[in-house]
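Biologist: I would like to go through this model with you. Could we begin with a single residue and then move on to the fold?

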Amino acid sequence: MSHAIDVTRPSVARMYDWLLGGKDNYASDRRACAQLLKLAPSTRDLARTNRTFLKRVVRILAEKYEVRQFLDHGSGLPTQDNVHQVAQSVDRNARVVYIDNDPMVLAHGRTLLDENDETAVIQADMADTDEIFAHQDVKRLIDFERPVAALFVSVLHCLTDEEDPAGLVQRVAGRLAPGSFLVICQLTSDDTEFRAEATAFMHRTTGRWGRVRERHEVDAFFAGMAIVPPGLMEVSKWRPETDLAPRPRSSEWIEYGGVGQVL
């Protein structure tokens, strides 16, 4: 179902786009980001670190684990080195489905992917697993008899506890072939006061937010999976390409997670 783009209210996808230096955002998004950077000055660095992790993990799964199918939940606006570009640089026939409920993501994504038959973008709530798996583009592109990488990169903090992010992960994992992967990270903080303040700000600002969580809560998302080495951690430390790779400069909040494999 299509929805009009509301330029007066900030969108998580468009705020992320601005933090990455993109142009697909509006004044409301830029104002919200300015306020967020006052609350958490490290957020721009964190967004870039997270994007680098996404590119790195997709390349490693494609190269070293020969994954050729990717489901990107809450994919956000297209930017440079998108999942399909990274995966298809390893194998031109790699298949990618992007899932997002932001109508702007749908519009920009479809324009980008017009000439790529192995890639699709669908408008759906990432928590609606039944709708996603029944979608004609998912059925066309993804063979669930073979390994799939399901990506939940920096999106599960958008789900409330009532929306049950752990249950969502388990539902998706239960539909994937053994040997499939789940890539999961979300915003965490050890500071109780900051967690509450950041969560309240994002609720108030975007109207679509869950909460900043603690690391042990993210660990629980991986229940029943084999954790791929080197484990669960702040994502810049997950198989960095170089020891000189940038690390977040502040510990206000971090992107914490890793990769699990379906047994």
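Biologist: Does Ser154 count as buried or exposed?

Modeller: Ser154 counts as buried, because its relative accessibility is 14%. Buried means under 20% relative accessible area, exposed over 50%, and partly exposed in between, with a 1.4 Å probe and protein chains only.

Biologist: What should I know about the model itself?

Modeller: It is a predicted model, in which local features need pLDDT of at least 70 and side-chain atom pairs count only at pLDDT 80 or more, while totals for chains, interfaces and linings use all residues. Residues are numbered from 1 along each chain as its sequence is written, and side-chain values use heavy atoms, with hydrogens and water left out.

Biologist: Back to Ser154: where is it, and what is its phi near?

Modeller: Ser154 lies in the loop between S4 and helix H8 (165-175). Its phi is near 60°, a positive value in a residue other than glycine. Most residues other than glycine have a negative phi.

Biologist: Which loop holds Asp164, and is that residue buried or partly exposed?

Modeller: Asp164 is also in the loop between S4 and H8. Asp164 has a positive phi of about 60° although it is not a glycine. With 37% relative accessibility, Asp164 counts as partly exposed.

Biologist: Where is the cis peptide bond?

Modeller: The cis bond joins Pro229 and Pro230, with omega about 10°. Pro230 has its place in the loop between S6 and S7.

Biologist: Changing topic, how many helices and strands does the protein chain have?

Modeller: The protein chain has 10 helices and 8 strands. These are DSSP runs numbered from the N terminus, helices being H or I of at least four residues and strands E of at least two.

Biologist: What is the radius of gyration of the chain?

Modeller: The radius of gyration is 17 Å, close to the 18 Å that the globule rule gives for 263 residues, so the protein chain is as compact as a globular protein of that length. The radius is taken over C-alpha atoms, and the rule is 2.2 Å times the number of residues to the power 0.38. Buried residues make up 54% of the 263 residues.

Biologist: How many residues of strand S3 are buried?

Modeller: In S3 (residues 119-123), 5 of the 5 residues are buried, so the strand is largely enclosed by the rest of the structure. Thr119, Val121 and Gln123 point one way, Ala120 and Ile122 the other way.

Biologist: In what sense does S2 pair with S3?

Modeller: Strand S2 (residues 95-100) pairs with S3 in the parallel sense over 5 bridges. Two strands pair if DSSP finds at least two bridges between them. Asp100 stands opposite Gln123 in S3.

Biologist: And what do the buried residues of H4 pack against?

Modeller: Their partners include helix H3 (43-64), strand S1 (69-73), S2 and S3; contact means heavy atoms within 4.5 Å. Among the buried residues of H4 (residues 83-90) are Val83, His84 and Val86.

Biologist: How many residues of S8 are buried, and which residue stands opposite Gly257?

Modeller: In S8 (residues 254-261), 7 of the 8 residues are buried, so S8 is largely enclosed by the rest of the structure. Strand S5 (residues 181-188) and S8 pair in the antiparallel sense over 8 bridges, and Cys185 stands opposite Gly257. Strand S6 (residues 226-227) is joined to S8 by 2 bridges and runs antiparallel to it, with Ala226 opposite Gln261.
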